[in-house]
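Please open the model in your viewer and keep the sequence beside it, so that each stop on this tour can be selected in turn.

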Amino acid sequence: MKKFSILLGIIALIALNSCAQRVIVNREVESKNDGKMLLGTQRLDQFRKEPYKTWFDEEYNRYQIDQTSLTELRKEKLNSYSLVVFVGSWCEDSHREFPRLIKILETLKYNTDKMQIIAVNRKKESPAGEEGLYNITRVPTIIVKKYGKEIGRITEMPETGFLEKDLLNILKKDNTSLFK
């Protein structure tokens with residue numbers, strides 16, 4: 001009976017500890033140099049609020065998606081992949097590429113619940129330290145994952161000049177490697 005009580009106590013401590021570690025979503029901080037800044041796990045709707053809405057909407061509305069790449073992305077089943085996106089709400093590259101990514105995903109009807117958005121400070125740090133797990137050195141960084149494993153990433157800006165083309169190249173590489 002004593003062993004059972006000890007075991008029950010250990011289980012209770014583990015359960016309490018895991019419940020105590022909650023994730024704060026949509027954290028916003030005030031920075032002396034940058035004003036309002038997002039930090040940590042974010043939901044997409046946070047970028048559609050001021051002061052982020054101004055730059056987000058401007059680039060989202062301006063960007064013209066390459067339709068050929070979009071058609072190919074549908075064939076390669078982008079919806080079967082998950083994404084981890086590191087952004088800096090203070091970063092010009094993030095201001096350009098993140099709204100473009102969202103426009104592509106929304107056009108494809110991608111389930112954005114499969115996308116994790118993590119905002120970092122100027123040191124490329126997040127409150128939970130996810131940047132260390134993914135070796136983030138620049139933002140934005142878009143990580144494409146399948147079955148929890150990274151299969152490719154786009155760092156800062158797309159190599160081809162178009163996010164949809166770079167995403168397509170990552171998926172094609174993954175899909176052809178399955179048949180080797």
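**A tour of loops and a hairpin**

Begin by selecting Lys109, which lies in the loop between helix H4 (92-107) and strand S5 (115-119); helices (H or I, at least four residues) and strands (E, at least two) are DSSP runs, numbered from the N terminus. Lys109 has a positive phi of about 60 degrees although it is not a glycine, and with 69% relative accessibility it counts as exposed, a word that here stands for over 50% relative accessible area, whereas buried is under 20% and partly exposed is in between (1.4 Å probe, protein chains only).

This is a predicted model, in which local features need pLDDT of at least 70, side-chain atom pairs count only at pLDDT 80 or more, and totals for chains, interfaces and linings use all residues. Residues are numbered from 1 along each chain as its sequence is written, and side-chain values use heavy atoms, with hydrogens and water left out.

Next, select Lys124 in the loop between S5 and H5, where a residue other than glycine has a positive phi, near 65 degrees.

Now move to Pro140, in the loop between helix H5 (130-134) and strand S6 (141-146); the peptide bond that leads from Val139 to Pro140 is cis, with omega near 0 degrees. Then select Pro51, in the loop between strand S3 (40-42) and helix H2 (52-62), and look at the bond from Glu50 to Pro51, which is cis with omega near 5 degrees.

Finish with strands S1 (residues 28-31) and S2 (residues 35-38), which run antiparallel and are joined by four bridges; two strands pair if DSSP finds at least two bridges between them. A hairpin connects S1 to S2 through three residues, and Ser31 stands opposite Gly35 in S2.
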